[in-house]
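Biologist: Could you take me closely through one part of this model, starting from a contact between a charge and a ring and then following the chain from there?

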Amino acid sequence: MEQPIIGFHLDAENHWVAKLSCGHFQHVRHNPPWSERPWVISQNGRTGMLGFKLNCKKCDTGSPPDQE
């Protein structure tokens, strides 16, 4: 199910994580060549992606919201 991004935070390993409107978190790594997300490395890039919808597999499986 697609859910909009409402914020970002860094995890314990300094990887960016998107917070989705459903309450789930999803890593958004820029790790070429496996994942190309150059927007994640700058504040302006992340701000520009607020509202962008990501597919939330946790919603698909009925998982409870993630804890901060």
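Modeller: The charged end of R46 sits over the ring of W16, at 3.7 Å from its centre; a charge counts as sitting over a ring if NZ of Lys or CZ of Arg is within 6 Å of the ring centre and within 35 degrees of the ring normal. This is a predicted model, in which local features need pLDDT of at least 70 and side-chain atom pairs count only at pLDDT 80 or more, while totals for chains, interfaces and linings use all residues. Residues are numbered from 1 along each chain as its sequence is written, and side-chain values use heavy atoms, with hydrogens and water left out.

From that ring we can turn to the strands. Strand 2 covers residues 16-20 and pairs with strand 1 in the antiparallel sense over 5 bridges, where strands (E, at least two residues) and helices (H or I, at least four residues) are DSSP runs numbered from the N terminus, and two strands pair if DSSP finds at least two bridges between them. Within this pairing, H9 stands opposite V17 in strand 2. Strands 1 and 2 form a hairpin with 5 residues between them, and N14, in the loop that joins strand 1 to strand 2, has a phi near 60°, a positive value in a residue other than glycine. N14 counts as exposed at 58% relative accessibility; on this scale (1.4 Å probe, protein chains only) buried means under 20% relative accessible area, exposed over 50%, and partly exposed in between.

Strand 1, which spans residues 2-10, also pairs with strand 4 (residues 53-55), in the antiparallel sense and over 3 bridges. Here Q3 of strand 1 stands opposite L54 in strand 4. With a relative accessible area of 12%, Q3 is buried, and the side chain of Q3 makes a polar contact of 3.2 Å with the side chain of S21; a polar contact is a pair of N or O atoms within 3.5 Å, and within protein one must be able to donate a hydrogen and the other to accept it, with residues adjacent in sequence counted only if both atoms are side-chain atoms. Leaving aside neighbours within four places in sequence, Q3 is in contact, meaning heavy atoms within 4.5 Å, with residues that include L20, F52, L54, C56 and C59.

Several of these names return in the nonpolar core, a term for a set of buried Ala, Val, Leu, Ile, Met, Phe, Trp, Tyr and Cys residues joined through side-chain atoms within 4.5 Å. In soluble globular proteins, nonpolar side chains tend to be buried together. The largest core has 10 residues in all: I5, A18, L20, V28, W39, V40, M49, L54, C56 and C59. One of its members, M49, touches I5, F8 and W39 when residues up to four places away in sequence are not counted.

Beyond these strands, one backbone feature deserves a separate look. A cis peptide bond, with omega of about 5°, joins P32 and P33, and P33 lies in the loop between strand 3 (25-27) and helix 1 (43-48).

Finally, in the segment after helix 2 (57-60), we find S63, which counts as partly exposed at 28% relative accessibility. The side chain of S63 makes a polar contact of 3.1 Å with the side chain of T61.
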